[in-house]
Amino acid sequence: MKVLLSRWLFVVACLAYASAQADSNVFELSVDRPINEVYDNVYKSLEDARFYVVFEPNIGNNLSHFAGRWGDDYNRNDLGAIRSLVFCNAWYANQVSNKDTAMLALCPLHMTLIEKDGVTTALFARPTVIAASSPARGVLSELENEVIAAIRAGMKQSP
């Protein structure tokens with residue numbers, strides 16, 4: 001009985017871990033390269049996947065203007081760069097609006113690249129988390145998978 005209970009707990013723990021990984025709120029992917037070697041590839045990969053970049057805020061540069069004002073509270077994680085890509089795909093926007101107009105709050109989408117110590121990390125908030133109970137969840141799941149595939153390709157990672 002004790003062995004059976006132990007095995008059952010192990011299986012439950014494994015399933016919980018796998019579920020937590022699959023349902024993470026933010027997709028993260030890191031590569032051991034500086035942001036200036038990754039950024040253009042990710043941009044191109046998004047556009048190749050028909051996610052057109054409409055805005056490119058250099059958040060790290062904008063924040064650096066506040067270094068004097070914020071003093072010790074400025075950039076505590078010692079990030080070397082923070083850049084974002086704001087992008088959209090009109091077909092997906094239309095499909096989402098057909099299913100659930102409230103989910104247009106996700107439009108346009110964005111992702112952020114951060115660099116620390118020569119390692120670049122892509123961060124993408126998963127739309128399916130917000131759309132968990134939305135009629136648009138299926139379309140947003142497809143969109144999310146497409147964006148993640150583009151990020152992986154741009155960062156030269158295999159799926």
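Q: Which residues of α5 meet which residues of α7?
A: W91, Y92, Q95, V96 and K99 in α5 meet V139, L140, E142, L143 and E146 in α7, where contact means heavy atoms within 4.5 Å. This is a predicted model, so local features need pLDDT of at least 70, side-chain atom pairs count only at pLDDT 80 or more, and totals for chains, interfaces and linings use all residues. Residues are numbered from 1 along each chain as its sequence is written, and side-chain values use heavy atoms, leaving out hydrogens and water.

Q: Why are α5 and α7 called roughly antiparallel?
A: They pack at about 155°, with axes 10 Å apart. Angles run from 0 to 180 degrees between N-to-C directions, along lines fitted to C-alpha atoms over the stretch in contact. Anything over 145 counts as roughly antiparallel, so α5 and α7 get that label.

Q: What makes N41 partly exposed?
A: Its relative accessible area is 27%. Buried means under 20%, exposed over 50%, and partly exposed is in between (1.4 Å probe, protein chains only), so N41 is partly exposed.

Q: What does N41 touch, not counting residues up to four places away in sequence?
A: G154 and K156. The C-alpha atoms of N41 and K156 are 8.5 Å apart, though 115 residues separate them along the chain.

Q: Which residues have the most contacts inside the largest nonpolar core?
A: L46, F51, F87, M111, V147, I151 and M155, in a core of 33 residues. Such a core is a set of buried Ala, Val, Leu, Ile, Met, Phe, Trp, Tyr and Cys residues joined through side-chain atoms within 4.5 Å.

Methods. Helix = DSSP H or I, 4+ residues; strand = E, 2+ residues; numbered from the N terminus. Parallel < 35°, antiparallel > 145°, perpendicular 65-115°, else oblique.
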